[in-house]
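The sequence and the model are shown first, and the description follows.

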Amino acid sequence: MPTPVTGRGGSGRGATTPGPWRCAWALLSLRWRMVRKRRHRIGLAVAGLLALSLLGLALPLSQHLPPGADPETALALAGAIFFAVAAIAPLAAGGGYQLFPPDQVAGLAVTAPTMVRSSVLLTPLNLAWYAQTVGLVTLTFALHTAAGATLALLALIAAWVSAATIVGQAIAWTIAGVRRSSRGRLASWVLLALVIGLVFFGRSQLLNSVLAGPGRLIALTRNGQLQPALTAAALLTVLAWLGIKVADRACAWTIHRRTLGTQAGPTDQQFGRRSAPATPYRALLRSDRASVWRSAPLRRGLLVLGLLPAVAAGLARLDWPSLALLPAFVGSGAALLFGVNAFCLVGGGAVWLSTIPQNHRLTLYSKAQVMFETTGLAVAVGMSGGLLRARFSPDRISVAATLASVLVATTLVMASCLRLSVVHPHRADLLGSRDTPAPPGAMALYAARLTALAGIPAAAFSIFARLQVGWPVLVSAVLLLTWAGMSIRGTIRRWDDPMVRANVAATVASG
Amino acid sequence: MAQVEVRGLRVRFGDVQAVCGVDLTVPGGTGVALVGRNGAGKSTTLRVLAGAQPATSGTVIICGHDIEREPEAAKARVGYCPDVGGLIPRATAWEHLQLAARLRGLPATWSDRAAELLERFDLAGAADRITAGFSHGMGRRLSVVLAALHEPDVLLLDEPFDGVDPLGVEATLEEIGRARSRGAAVLVSTHLLDLAVQACDQAVVLRRGEIVAAAPAAELSGPHGAEHYRSLLG
């Protein structure tokens, strides 16, 4: 982890330290320049434009909300969910998102304020954050129907989104710091248990009202009146400024509390010896499973991805057709933890492992199985909250649609991840608590790809369940599973090429 | 029959020609040092010999097995210590050895040999810790242990002395000596000329992917040898 520097001052004779925003921007520019292939740059630019265009669609969409919808209640809820995402998503990333793994910028003495600002700049790449922003903008425009205040409303939304995002980061950094001690970890578990208890023992009204508080601020400016909107925007800007100061200090404090350098977790811990595995495949499987469960970002990510949807689904008391949507989002999120670059589990050992005589397909099968297990586990935990508190008792078609959604989402995501792992490997060892399996831009594209891949079939299953038609569930499940099987077969063939295997091993083991 | 026979080896990465027509013969019991500047093609050559990198053209025969046609048979005779990393971050040292033993199908006595190697390389106390917490030198030493575990006929060591303390260097030199005395061919890539001379009897100087000199290692020792070596680097 780079040395945290919180104060201002020169870094050498006659040198002036640039501000943290400029440093963050310089790091961001470097990351962009590192996207070497022209088609990748074009892909990222197109994705960015598409994202902005979708945001622009919020205004016309707001005029077509379903009849009977209550935008004021929905806005308060959307604000609450946005705030929860803004605080919890960076917490899953160890406090904030990172542009570079710490060892790559160790010589640059990246300061805590620079880390906070680069994390803020990366936030829009989080698909959950982006989706909540689109929802928030749509609902705000739906509520404020009076003409002539569009710009003021836009300013208000921008100020709200910025303030909530920055305050969320301050909270995430603080919790990450608190969790550096055993007492802090215990306290965070107690808090989590309290939240789950509130949800499952019928006290979710209290939680709802606490969370919805910030969202109601936007509703204060109803009817599109100019002055209250601008006053609220100004106040939110001040809040954002204060938030970033708090986040700077929280980040520096968190880093200071890390006593193990760049490592997250107890690297000096002794692990007991187990008897030798019965077969080479089991040996590989054991090694890959250990690589997942001994990694702090993977453990934390799986926990958040499992528990957060469980709590949310429990709070919302979804009906069965809506439950069919959950596996897609939980499954694609779980796959982003390591599945999109599955060979990073062996990291630096990839080249050594490739020189041991063995059936090369076993290494691929082992990664696929571990991916299937972890994704399946996250989906099962994520579904549990919804299943326990689902509205109405299930019918046969809804149960079939939900089961089909679980199976199809998990298999499609695994097939896509295997392909990405073989075709686009990245160097990543997932040692630090903020490490991701691929660079930020690639992660954003992977998130969009996996969400669409699993989300569209899940939406179809949900519609079939709502319409109470059974046969399309079976037919589409069979077709999609066949497609996933063909994709996996193609990936295995590609893996048979020694050049492809050498490229994967050299890339993930580099550095 | 030589343990290692390389004929016309070429490796190209896109526009970069990493190895351009290397010919090499290493009989059993011989130690060959591969020396040269950064980017000379030493590590790439060793990677091809270990079966980790396919050659663009040329032939590599390991103990009579063509590495391209019979990769499994050739790899079974090789022990390889890569230049960077080489270790699974969240596996313990013992788990690495256990994995290697299972994948290579070693007899049950592997654990005695593993324990002995860990002791000699001063890693016994760290055997049950994950390698992410290892220092650079400890990681290098474990990589040598992993390469030597199955007593291979061809031992390939890429920068085995890099960042290693004197006791670790001693243990590595001893292991190279043992391998050579049981008839294994040893190839060592290093920038540390003195250690290369100690470990090997032959030296091959590479420059821009080509062999520019091959001579007894002793000729590169001492001030005159070092001067001669510098002149070969170009």
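## Strands and a helix in chain B

Strands S3(B) and S8(B) pair in the parallel sense over four bridges; two strands count as paired if DSSP finds at least two bridges between them. Helices (H or I, at least four residues) and strands (E, at least two) are DSSP runs, numbered from the N terminus. The model is predicted, so local features need pLDDT of at least 70 and side-chain atom pairs count only at pLDDT 80 or more, while totals for chains, interfaces and linings use all residues. Residues are numbered from 1 along each chain as its sequence is written, and chains are lettered from A and ligands numbered from 1 in the order in which they are written.

A residue is buried if 20 or more other C-beta atoms lie within 10 Å of its own, exposed if 12 or fewer, and partly exposed in between, with C-beta atoms placed from the backbone. Ala185(B), Leu187(B) and Ser189(B) point one way from S8(B), and Val186(B) and Val188(B) point the other way.

Helix H6(B), residues 166–181, packs its buried residues against several elements, including S3(B), S7(B) and S8(B). Those buried residues are Gly168(B), Ala171(B), Thr172(B), Glu175(B), Ile176(B) and Ala179(B). Seen down the helix axis, they fall within an arc of 140°, so they line one face of H6(B); the arc is that of the directions from the helix axis to the C-beta atoms. Pro166(B), Glu174(B) and Ser181(B), on the other side of H6(B), are exposed. Just after this helix, Gly183(B) takes a positive phi of about 100°.

## Contacts between domains and chains

Chain A is divided into domain 1 (1–6 + 18–262) and domain 2 (279–511), with bounds from an automatic or database domain assignment. In chain A, 26 residues of domain 1 are in contact with 23 residues of domain 2; contact requires that the C-beta atoms of two residues, placed from the backbone, lie within 7 Å. On the domain 1 side, the largest share, four residues, comes from H8(A).

Between the chains, 33 residues of chain A are in contact with 34 residues of chain B. Helices H11 (280–293), H15 (350–354) and H20 (498–509) of chain A each give two or more residues to the chain A side.

The table sets out the classes of residue on two of these sides. Ala, Val, Leu, Ile, Met, Phe, Trp, Tyr, Cys and Pro count as nonpolar, Asp, Glu, Lys and Arg as charged, and the others, Gly among them, as polar.

| Side | Nonpolar | Polar | Charged |
|---|---|---|---|
| Domain 1 of chain A, touching domain 2 of chain A | 17 residues | eight residues | one residue |

## Two loop residues

Most residues other than glycine have a negative phi. Gln468(A), which is not a glycine, has a positive phi of about 60° and is found in the loop between H18(A) and H19(A). Arg208(B) has a positive phi near 50° and lies in the loop between S9(B) and S10(B). With 12 C-beta neighbours inside 10 Å, Gln468(A) counts as exposed, whereas Arg208(B), with 15, counts as partly exposed.
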